[in-house]
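Trainee: I am new to this structure and would like a close look at a single part of it. Please keep to the contacts between side chains.

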Amino acid sequence: MSNLLVQNIKHTNGTTAQTIDSSGRVLTPTRPHCFAVFDSSASGGYQAVSSGAVLPFASAKINVGGGTYDTSNYRYTVPVTGMYQVTFNLLLDGVTTLSLYLRVDGSIVHYWYIADARHMTWTYLHEVNSGSYFDIGHDTGSSRNINKAGTAATTYTSVSYTLIG
């Protein structure tokens with residue numbers, strides 16, 4: 001059996017790509033990740049979103065690792081090919097129905113639906129190629145009022161995109 005005894009894995013330019021601490025935990029400081037909210041300054045209120053529209057996550061509170069979050073079209077473009085985890089939370093203004101879809105490069109890859117509820121949470125894994133984009137829309141048939149709060153204490157509607165491998 002061979003042992004590879006290193007603490008850090010680095011690029012030739014000195015950038016640390018991976019660190020393994022004394023407990024065996026692996027840290028990857030440049031793992032692509034984005035966390036977006038409707039309005040980073042709002043502490044409450046709701047925003048009407050028309051059926052057929054992309055959900056307007058207007059502020060990327062975290063965006064690291066080379067991915068691009070575009071606040072003009074609400075798309076996250078991935079920097080590298082791989083498996084991404086998409087995590088989503090949403091709070092509606094009152095009990096209602098809601099049909100959402102996740103798209104990759106404009107094609108729907110998954111649907112979610114709730115009936116008689118105010119809250120929706122889901123996690124989805126999808127493999128994409130470098131340069132592909134994610135966005136989320138709704139096609140419920142009419143406008144829905146979605147909570148837009150985005151402060152640290154009141155983030156009820158958010159999405160995150162994370163490379164997991």
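Which residue forms a salt bridge with Arg75, and how far apart are the closest N and O atoms?

Mentor: This is a predicted model, in which local features need pLDDT of at least 70, side-chain atom pairs count only at pLDDT 80 or more, and totals for chains, interfaces and linings use all residues. Residues are numbered from 1 along each chain as its sequence is written, and side-chain values use heavy atoms, with hydrogens and water left out.

The partner of Arg75 is Asp135, with the closest N and O atoms 3.8 Å apart. A salt bridge here is a side-chain nitrogen of Lys or Arg within 4 Å of a carboxyl oxygen of Asp or Glu. Strands (E, at least two residues) are DSSP runs, numbered from the N terminus.

Asp135 is buried, at a relative accessible area of 1%, whereas Arg75 is partly exposed at 27%. Buried means under 20% relative accessible area, exposed over 50%, and partly exposed in between, with a 1.4 Å probe and protein chains only.

Asp135 also forms a salt bridge with Arg103, and here the closest N and O atoms are 2.8 Å apart. This pair, too, links distant parts of the chain: Arg103 is in strand S9 (residues 82-104) and Asp135 in strand S11, 32 residues apart. Arg103 is buried, with a relative accessible area of 18%.

The search of the whole structure finds three salt bridges. One of them joins the side chains of Asp21 and Arg25, at 2.7 Å from N to O. Asp21 is partly exposed, with a relative accessible area of 23%, and Arg25 is exposed at 52%.

Methods
Helix = DSSP H or I, 4+ residues; strand = E, 2+ residues; numbered from the N terminus.
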